[in-house]
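The sequence and structure come first.

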Amino acid sequence: MEEGDAVAALPTRESDAAATVAIVDDHEAVRLGLRAACRDAGYDVVVDAASVPELLEGLAGRACDVVVLDLSLGDGSSVTENVRAVLATGSAVLVHSIADRVAAVRESLAAGAAGVIPKASPMSAVISAIATVARGEVLNNVEWASAIEADRDFAKAQLGRREHDVLHLYASGLPLKLVAAQLGIAHSTAREYLDRVRAKYIEVGRPAPTKVDLLRRAVEDGILPGLDDGGDARR
């Protein structure tokens, strides 16, 4: 198995209804509304909490499939530390955001959140986003794209043509050996191009150490279509 290809072998969920969900928001009314909607949709809401430390206490070392995380909690915690603390449990993060906080949205994505859903969205859209993230897919919605486009500091890596081609095929799901075969280059050459891609993303402050990270960068930079555009970019 190629380095990074283990991600593609992760178990897939047979039913979205079997997913476990946790909710973190410092407004009780929001938590109650999300909990009710998730339960109506068939999800198992394992914890709802007002802060990430409260979530961690409730999870007690367990992971859940999706944590719906308020972008801005009132306890003085940072977006990055909250997202990373949740990811450390093995849970995916879906950020629930007020739409005008572009810098914080970008920060959450850079920290590893699977996507962002605006708080102004209909509850049906929130439930759909939870389903997407629970399946292990990257949520590429308008909120994500708008946050990236509006943030001038979100620099694209300047990839050469071959680097672009290797990233496109590899992030699409092909093992590196098949990428090399399709491009008519040696496996070692394809590996070198991929290493250059990763180095360039580090240079612009957007590291991509795993295949899923490379998928996210490819979607962010328009190299691959997002899921909302009908693409099949998955783990």
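## Helix 7 and helix 8

Helix 7 and helix 8 lie oblique to each other, a class for angles that are not under 35 degrees (roughly parallel), over 145 (roughly antiparallel) or 65 to 115 (roughly perpendicular). The model is predicted: local features need pLDDT of at least 70 and side-chain atom pairs pLDDT 80 or more, while totals for chains, interfaces and linings use all residues. Residues are numbered from 1 along each chain as its sequence is written, and side-chain values use heavy atoms, without hydrogens and water.

Helix 7 (residues 161-171) packs on helix 8 (residues 176-183) at about 130°, with the axes 9 Å apart. Arg 162, Asp 165, Val 166, Leu 169 and Tyr 170 of helix 7 make the contact with Leu 176, Val 179, Gln 182 and Leu 183 of helix 8 (contact: heavy atoms within 4.5 Å). Of these residues, six are nonpolar, one is polar and two are charged.

## Helix 10

Helix 10 (residues 211-220) is largely enclosed by the rest of the structure, because 10 of its 10 residues are buried (under 20% relative accessible area, with exposed over 50% and partly exposed in between, 1.4 Å probe, protein chains only). Gly 222, with a positive phi near 80°, follows helix 10.

## Asp 25

Asp 25 sits in the loop between strand 1 (20-24) and helix 1 (28-40). Asp 25 counts as buried, at 1% relative accessibility. Beyond its neighbours within four places in sequence, Asp 25 is in contact with residues including Asp 70, His 96 and Lys 119.

Technical notes:
Helices (H or I, at least four residues) and strands (E, at least two) are DSSP runs, numbered from the N terminus. Axes are lines fitted to C-alpha atoms, for helices over the stretch in contact, and angles run from 0 to 180 degrees between N-to-C directions. Ala, Val, Leu, Ile, Met, Phe, Trp, Tyr, Cys and Pro count as nonpolar, Asp, Glu, Lys and Arg as charged, and the others, Gly among them, as polar.
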